[in-house]
Each structure stands twice: as structure tokens, then as C-alpha cells.
Amino acid sequence: MTNSVIPLPAVTLVLLGVLLAFVALISIRPLRRALISRPLFGIYKRILPSMSDTEREALEAGTVWWEGDLFRGKPDWKKMHAYPKPVLTAEERSFLDNEVETACRMTNDWDVSHHRYDLDAETWQYIKDKGFLGLIIPKKYGGLGYSAYAHSQVMTKLSTRSSALAVSVMVPNSLGPAELLLHYGTEEQKNHYLPRLAKGLEVPAFALTSPWAGSDAASIPDFGVVCKGTWQGKEVLGMRVTWDKRYITLAPVCTILGLAFRLYDPDGLLGDKKDIGITCALVPHDHPGVDVGRRHFPLNAVFMNGPTRGKDVFMPLDFIIGGPAMVGQGWRMLMECLAAGRSISLPSSNTGMAKMTARAVGGYARVRSQFKMAVGKFEGVEEALTRIGAYTYLVDATRTMTAGAVDLGEKPSVVSAIAKYHVTERARKVVNDGMDVIGGKGICLGPSNFLGRAYQQIPIGITVEGANILTRSLILFGQGAIRCHPYVLAEMRAAQNPNAAAGLLDFDKALFGHVGYTIKNGLRALGMGLAGSHFVGVNADVAPEVKRYYQQLTRFSSAFAFLADVSMLVLGGGLKRREKLSARLGDILSQMYLISATLKRFQDEGRQKDDLPLVHWAVWDAMYQAQEAFDGVIANYPNKLVAWFLNRIIFPLGHPYVVPSDDVGHQVAKLLINPSAARERLASDTFVDRREEDPVGAIELALEATLAAEAVEAKIREAEKAGRFDNNPLANVRDIAHAAFEAKVISAAEYDVVKRRNHLRDIVIRVDDFPFDLGVAGAAQPAEKKAA
């Protein structure tokens, strides 16, 4: 037998030759740059969307944190677990349990929102004296110097009591003069203002939004012109500023106004640049020409909010935060501080609303009965209670993880936008579901209504600090794609490099790194999809009950990274204009972050098995929503061939998720209506005034009484079934307990238990009534004046 060589088919030889030629081409960098990178570089420069200075500053502001791992397709779970669990110091815990508790107890939200339209003078003075307005100001300036997490905890608890109380504390500690001074102020400005702000001697407001530039804050028409003028008897270099602002929280009561405007220097008094850019200044409220206006009335929230105006108001350059050296730096200052402030304020306040709803509505659903059964045990009501419980667990996890990032020194611009958008949206669903459960009790406003004001005021969080529609459509993916991607920003910078030769070198390096990155994510997504993500390694110690979520989230991360890259390649600059597709891509990134936060909370809290129903439902629901967002992108792809290809890569064996299980939902609902350690963790640090006169306190007392009476109720029902009360006219729904006592079915002690339950139940389910004119004649008078 002779050796013979089997000839390769000609087609195979051709393909092999093409492959070898391609490998040689991309391996020889000068050749690669000449034949591939240079032509693509020219095309890329032409199709790259134009970007203003303010857009560039917004994109580059802040830092990339955990969302970067999720965006890049290969999250490091060990890294996530290593982020320290946020905890309170002993001092911070004491403040939360004492001063915050006292401030909540001093505040009656109905009195504040219906009679006074403001906090009373005593409460205002208390929060000033106790340092509430200086939570974030370091101790060396007289502030409390608390962590971002402590700041978040305080805001959350205050929000379970009154939005006016919470917002009045929130604004001085969020985006505003104190934060801007801390980061950018001169030493003279810090030493003068920060101690006064910490002690409440100054009340700050920050004026950014104008009637002509709401969400498009970079386009504010308010302007200043550099000029010379007289200040304190001397001619100084300053600026004449004209502004018209609205929606400015605390403006009606502020003593120091932070002001953002665009500064111009037509006479070249500061240099050659005529349009210097957005600048931030601190202006005393009584400075000549400053008009703080009257007040707005935001949905009965009654926190101080209003317009401010000024025309050709002269102020020295020393009014600029950071002094003359910081002219034109206002937009970057705002973007960097907004990331930290937005991470705390609205996520905390809306989490507080959700926690209060979970506690109060859960208790109400056990106390209130229909058809001889607690309403919380009806399957229809269970659906609403499930969302309330699971979403509250998820938003609290998101709030905590995001505040923890700030304490680690991050300024997470994308994460803060995710937290702001999704916590406010989930809180809206929680409160809406709560209103559905309590029914008529919820729609009749009055001192007994614990949820009506929250229902009215939920849209406030949706619209402020970046309206949610804009945040979802333009920021979550639009900013995340550039900041989180390992190569896109490098490609953009290369294209904008005025040195074309150096730009080409940088572009070539980024481009081929990008190509390899995309191919790897596509192959990983396909492989994990074919294997159902069962063989995905999780490089961290995780509870077996949740391991599958880590595996599936890793799969979704790779699929998202691939989908994002293909979308940017196929649509190019047009993706910026396709806001619906961009929003859905942002939804996927957001859901992955929410899931991460939920899993991190479960891990950090010691893997509490009683909390697993909350974890399972919240994560499953978020996975399902992410899957729906994938579908929304692919189904609306303009290129149907690419859409078909993407669907086969991302979902090769179909969809892994359906809606969350009803059985798990039943467990979540049951958790809300039964006192337990899990229920306490869910609604932790909710303010509860355990008195019958307080609507939430009455529910807590009634819930305890209801549970105590259930065994007695069972005896009464058995006697009723046996016909013991057939001839007793008292044996009706209200008086059957008395009939049972008369018939000696229950003892006097047992009768007392039921009577107490009935008394508290009646308090809980009652609604308020008013005179025919609703008290119009004296409605706006303070309570003590009407009493007099």
C-alpha cells in the first residue's frame, strides 16, 4: 500500500487562503492601518455626531463603577461582593434613632400640608439646631460629617413621615451650595459659608432650571456679562447677571442663592474668550436686585419651592464658587455633584415612601376583612401586595448599594441616573398598588389617610433632577455606552485628535481591540444561550438558592454587550436619534444593575432565608423585564436581517423567562401581612408613632390586636356554623362577638380581646369628614390660631 495525499477541494483552499491573508493583514500593523483603519477612520470622523462642550463635559463627568462590569459582558462577582456593606457608625445610628425620630414625631403631615402649608417654626428651628442642614458638611466646619449612607438613611426615614420635612432637609444636603463649596469653593468661601450652613444660619437654594431650559439645563438663557462696577464703595471687576428661574426648592425661604448662568466677556476683561461658559455663583438673597419671588404649590407637598429673578444685577467675581479661577467651569461642577446628589436624594425619599406603603398597606390588608376573610388573603389583592413587597426590597437594595458607591469615593453618573429613574418608577407602582388595596380609604383625604399625600406627590420625583422620560431616553444608554464601553470613548477621542497621524494610531489600536471584544461577547452569548447558562462559572461565594441568577445575569451581560456593539455599528450616530431603541438598551443595563443590587443585599444581610421570596420575585421580574427589553430592541431593528441574526445569537433556544411565579408571589404577600423579622427588615427605619391617634401607628396596633383575636374569632365561627346564634338578632357582623359572649361561647377575657380588635379596626378603616365648605374660611390658618 502506497502513501497518498488526499487533495483539498479547491473551495477549501480558497477559503484557507483568504483566512491566512486576513490574519496576515491584521497582524502586520502598517498594512492593517493603510488598508483597513485609514479608510474606516475617515468614515468614522464623518459620521461621528457633533458634540458640544457641555455634552462632552456631561459625558466625561463622574466615574464608572459596577455598571462598567455589567456593560462589558463579563461581570466580576467577587469584585461586587468585595464592595463593603454600608453601615452606620454609633453616632449616626444614635442620630437616626433619636434626633430623626424626634423630628418625625414633631411633624403632623396633615397639619403641615392642609393648614400651615409649611413646617411649623418649632420644627424648622429644631432641624437647624440639631444639624440636619449640615449632614454632609465636615465636622471641622461645624457640620455632622456623616457618610453618604447615613445621609441616605436619614432621608429615607424622614420621607416615611412627611415630604415637606424630608425635602427641607434633603435640598441643603444634595445638589446645592454646600456640596459645591466643599468641592470647588475657595478657602475663604468655605470658612465663611460652611459653618453658617451647618448651623442653619444660612438656608441654601440652588437655581438651575429656567422656563426655557428645563431638562436641557445646558441651554440656560440666563447670562452674565463681565464688567466693572461698584461694590462696597470701590470699583471692582464683576459681572451683571440676568436670570429667570423656576422650580427652585427652598428659594422662598433661602438666605443664600446658588445661581447657574452663562458668562460672557465681550470686552476681553478676563482674556480672549468671549463665551466663557456656564458659571456658578453664590448670591445673598438680600443682594440688591435679587427677587426670590413667591412660591409654587407642588401637589400639596408644601415644601418651599418657587421662582427667582434678577435683571442686570451687579456682583463681584468673588461671588463665583471657587472665585475667578472657576469661571466657565459651572457645567462640569454641576455634572459631577449631580451624580453624587442624585444618588442619594430621590432614591432615598422614594424608598421611604415605598417602605411606609409596605408596612402600612400590608398591615391594613390583614386588619381589613371582606367576606369574613382578611382582604390580604384574596389572590387579587395578593398580586398588588407582591409587587409592593418585592419592589420595596429591590429599591431599598438599589438605594443602599448606590449610596455605598458614593462612600467609596465614586461619582457614579450612570448609576445615579439608573437609581433615580428606577427607584422613582418602582415607588410609583408601589404607591399605586397600595391605593388599589386600601380603596375608598385612600381617596378620602384627611388626618386618617396615610397614603393619599404620597399618591399625590409621587409625580414630583418623576419630574425633577432629570425628568424620567429624558433620563431613560437619552442618559441611561447614551451616556453609559460611551463611559462604560472599553473602546468607544478612545475611538471618539482619536477621531477628534487634531493630530491626524496620532489619531490614526490611536484609532487603529482601539478599533481592533473593539473588534476582538465584540466577537468574544457574541461567542460567549451564543455559547451560554445554547447551554442555558448552566455551565457559567461564578467567581464568588454565593448562596445555592441564587446561584442561577448570577449565571443568567452573566449571560445577559454578554448578550447586552454584543447587542450594544452591533447597534452602535449598524446605526452609528443614528442611534442617538432613535430614542426608543436607546431607551430599551438602557432598560437592559438598568435591570442588570437592579438585580445586582438585590443579590448584593441578600449576600450582605447574611443570606436570610426568610427573605428569599422577596429576592426570587424581584430578580425574576427584573430578568423578565430585561428579556422584554431585548425583544423590544430586536423587534424594532431597522435592518431585519441583522435583527434575525441577533435573535439567533441572544436567544438560540428561545426565552428563558416567563412572568414570576404565583406561588412565590403568595409567599411575598403573606410576608407583608404577618409580623416577622423579614417584615421588619423590609420596612426597617420606618417612623411609627405607636398611638391610636396616628394613622400608621393605629395600623400597627390593630395588626397586633387582629392576630391576638384570630383564635377567638375561630371559636365564634365554629359556634356560628353549629347554629348557636340562629335566633339571636345581635348575631350580625358587628355584634356577633357580643352574642358569643352572651351565649358563653367565649370568656370575658376573650371578649375583651375582640372588643379591642374591633375598636382599633374601626379606627383604621374610618375616613375623615368635613363641613360642607371643607372649612374654606379657616383652612389656611395655623392650627393654634384657629383653636384660639
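Predicted model: local features only at pLDDT ≥ 70, side-chain atom pairs only at ≥ 80, totals over all residues.

Residues are numbered from 1 along each chain as its sequence is written, and side-chain values use heavy atoms, with hydrogens and water left out.

**S113**
- S113 sits in helix α8, residues 109-116 (helices are DSSP runs of H or I, at least four residues, numbered from the N terminus).
- S113 is buried, at a relative accessible area of 1% (buried means under 20%, exposed over 50%, with a 1.4 Å probe and protein chains only).
- A polar atom of the S113 side chain lies 2.8 Å from the backbone oxygen of D109.
- The side chains of S113 and R453 make a polar contact at 2.9 Å (a pair of N or O atoms within 3.5 Å, one able to donate a hydrogen and the other to accept it; residues adjacent in sequence count only if both atoms are side-chain atoms).
- Setting aside neighbours within four places in sequence, S113 contacts N300, V302 and R453 (heavy atoms within 4.5 Å).

**Helix α27**
- In α27 (residues 640-650), the buried residues are V642, A643, L646, I649 and I650.
- They span an arc of only 130° around the axis, so they lie on the same side of α27 (the arc is taken from the directions from the helix axis to the C-beta atoms).
- These buried residues pack against α22 (500-530), α23 (547-571) and α26 (612-635).
- Exposed K640 and L641 are on the face of α27 turned away from the buried side.
- N639 caps the N-terminal end of α27, with a side-chain oxygen 3.1 Å from the backbone nitrogen of L641.

Notes: Helix = DSSP H or I, 4+ residues; strand = E, 2+ residues; numbered from the N terminus.
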